Amino acid sequence: MSTALAAAYDRLLVDLDGTVYAGAVAIPGAADALDGLPVTYVTNNASRGPGEVAQHLRDLGFEAPDASVVTSAQAGAGLLSSLVPTGTPVLVVGAPALRAEVEARGLTLVESAEDARAVVQGHSPDTGWARLSEAALAIRAGAVWVATNTDATLPTERGLLVGNGSMVAAVRNATGREPQVAGKPYTPIFVDAMRAAGAHTALVVGDRLDTDIEGGNAFGADTYLVLTGVNDVQDVVSAPDRHQPTFVADTLAGLRMPRGATLPGPRDGWTATVDGDALTVTGDPGADPADAKYAAIAAARDVPEERRSGLRLTIR
């Protein structure tokens with residue numbers, strides 16, 4: 001274990017949807033990969049409380065005390081409470097878990113735009129037009145607006161569903177305003193997680209470049225992209241610098257491998273060439289197919305960022 005990647009960090013900040021599970025289904029091997037490691041589960045999904053999330057994880061075979069879960073509902077309520085005084089009337093667009101977090105911080109729940117001085121918005125499968133419109137009225141009237149997260153999609157076992165970010169976009173379009181955001185890729189949720197764990201050196205683990213990886217990079221942490229969710233190798237190849245992960249692996253099992261095994265760079269038996277917008281990675285007979293992605297990502301990073309978005313990867 002002394003040479004394993006995970007051993008260099010006193011806290012792994014691990015995403016949930018698309019990283020350890022897809023809805024009600026655990027990603028194969030994820031529980032074994034994380035067993036015994038110093039994990040805090042950090043999720044942008046604000047629809048459930050930390051205890052409910054932890055129980056779901058335990059039901060799927062993960063080691064997950066209630067205190068090991070930090071949600072964007074907690075981060076959103078915490079950010080809002082730092083912006084407005086105790087007792088401020090707040091319109092909550094979201095699930096009961098978010099309402100509970102807001103109330104726990106001494107803020108007052110209200111139901112109408114006319115009464116609200118702040119709005120906090122998080123994912124709920126029950127959010128509809130009427131609630132979004134009430135939020136828009138309050139925000140246009142000057143209410144402070146906090147979003148728990150801005151993920152456009154929500155990974156499930158059925159595929160990608162509408163995420164909180166898509167509903168935030170509707171309110172943004174209706175108001176011309178921008179929310180303050182607590183969840184990934186913004187850093188308040190990471191600050192909360194590390195403070196709660198009493199930890200100092202983080203590895204941020206997730207499946208999304210624009211939330212987990214961008215957020216971890218902004219936080220100043222090393223980042224680990226797992227290819228079980230939203231983004232794939234082609235996405236990494238064409239990604240800007242702020243979305244580039246430190247490590248990439250097919251599964252969470254890479255956390256138990258040596259650091260160099262998941263670090264993008266040249267690999268024996270693989271040659272990468274760039275011709276215009278074409279990035280071609282060619283393997284010698286007997287070359288390990290798992291190494292192709294590391295050679296491809298390393299070659300793409302040598303391409304100027306402004307040209308990288310047009311790169312198209314072919315592996316032979």
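**Exercise 1.** Determine how many residues line the largest pocket, and which of them lie nearest its centre.

*Solution.* The lining of the largest pocket comprises 18 residues, and those nearest its centre are Asn45, His123, Leu154, Thr156 and Leu161. Here a pocket is an open set of points on a 1 Å grid over the protein atoms alone, where a 1.4 Å probe fits, with protein on both sides within 12 Å along at least five of seven lines, and lining residues have an atom within 4 Å of a point. The structure is a predicted model, in which local features need pLDDT of at least 70 and side-chain atom pairs count only at pLDDT 80 or more, while totals for chains, interfaces and linings use all residues. Residues are numbered from 1 along each chain as its sequence is written, and side-chain values use heavy atoms, with hydrogens and water left out.

**Exercise 2.** Describe the volume of the largest pocket and the strand that gives the most to its lining.

*Solution.* The volume is about 290 Å³, taken as the space filled by probe spheres set on the points, which are joined across faces, edges and corners. Next, β10 (153-156) and β11 (159-162) each supply at least two lining residues, strands being DSSP runs of E with at least two residues, numbered from the N terminus. Of the elements, β10 gives the most, with three residues.

**Exercise 3.** State the volume of the second largest pocket, and find the residues closest to its centre.

*Solution.* The second largest pocket holds about 180 Å³ of space. It is lined by 16 residues, with Leu37, Val39, Glu63, Pro65 and Ser68 the closest to its centre.

Terms used:
Helices (H or I, at least four residues) and strands (E, at least two) are DSSP runs, numbered from the N terminus.
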